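Please open the model in your viewer and keep the selection tool at hand. The stops below each begin with something to select, followed by what is found there.

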Amino acid sequence: EDVIEDTNQSELSEQEVAKALKEALTIGIRKGVDRVSKVDGYLKDPEIKIPMPREAKQVEEKLRMLGQDQMVDDAIESMNRAAEDASSEAKESFITAVKELTLLDVMNILNGEDSAATNYLENHTRSQLVEKFKPKIKTSLDKVGATKHWNSVFTYYNKLPFVKKVNPDLEDYVTNKAIDGLFVQ
């Protein structure tokens, strides 16, 4: 009989631990998403700020050398504004993933590395977030003028003599960088 009672107490405490972890994750998610989804949530956070794409670094450098800092800065700001605008979409997906945590998932998170909860969320939400974010990012990019700034930057750059033409996919780039930033938070 004592063994049965101990097992029930152990299971109960595991369930309590699971409930506490889910609550803590939900609170953390809300705070993290709220932090990044406000103005300057991405732009003023050096850890998640979205820069020009790596393949466009030479574009940024060349334009800055030509005194076009404002054009480049406007493009970077507008990409970050789009990410800030779209990031609120993530809250629901993250909270659903937390609700679906199994006891095994909880134990793996508790006994895993510091990034175990983030890894779980990324594995269980990234593809869904890309689906949700992409249309929102496109709308946001248009709303904040990013598409216009992006086109200005690359139209200007691509007209320069002796440069290799460049024009990375703005929507894909900002969508993935915005999601990366969420997982950093």
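Select Phe-162 to begin: at 88% relative accessibility this residue counts as exposed, where exposed means over 50% relative accessible area, buried under 20% and partly exposed in between, with a 1.4 Å probe and protein chains only. Phe-162 is found in the loop between α7 and α8, helices being DSSP runs of H or I with at least four residues, and strands runs of E with at least two, numbered from the N terminus. Its phi is near 65°, a positive value in a residue other than glycine.

The model is predicted, so local features need pLDDT of at least 70 and side-chain atom pairs count only at pLDDT 80 or more, while totals for chains, interfaces and linings use all residues. Residues are numbered from 1 along each chain as its sequence is written, and side-chain values use heavy atoms, with hydrogens and water left out.

Next, select Asp-40, which is found in the loop between α1 and α2 (57–65). Asp-40 has a positive phi of about 75° although it is not a glycine, and at 26% relative accessibility it counts as partly exposed.

Move on to helix α7 (residues 146–159) and select Trp-150 and Phe-154, which lie four residues apart, about one turn of the helix. Both Trp-150 and Phe-154 are buried. Rings of Phe, Tyr and Trp (its six-membered ring) pair if their centres lie within 6.5 Å, with planes under 30 degrees apart counted as stacked, over 60 as edge-to-face and the rest as tilted; by this rule there are two aromatic pairs. In one of them, the rings of Trp-150 and Phe-154 have centres 4.7 Å apart and planes at 50°, so the pair is tilted.

Then select helix α6 (residues 116–143), which bends by about 55° at Thr-125, the bend being the angle between axes fitted to the seven residues ending there and the seven starting there. Thr-125 is itself buried, and the buried residues of α6 also include Tyr-120, Leu-121 and Phe-133. After α6 comes Gly-145, whose phi is positive, near 85°.

Finally, select Ile-29, Thr-118, Leu-121, Leu-182 and Gln-185, which lie nearest the centre of the largest pocket among its 15 lining residues. The elements giving two or more residues to this lining are α1 (2–36), α6 and α8 (170–184), and α1 gives the most, with six residues. On a 1 Å grid over the protein atoms alone, a pocket is an open set of points where a 1.4 Å probe fits, with protein on both sides within 12 Å along at least five of seven lines, and lining residues have an atom within 4 Å of a point.
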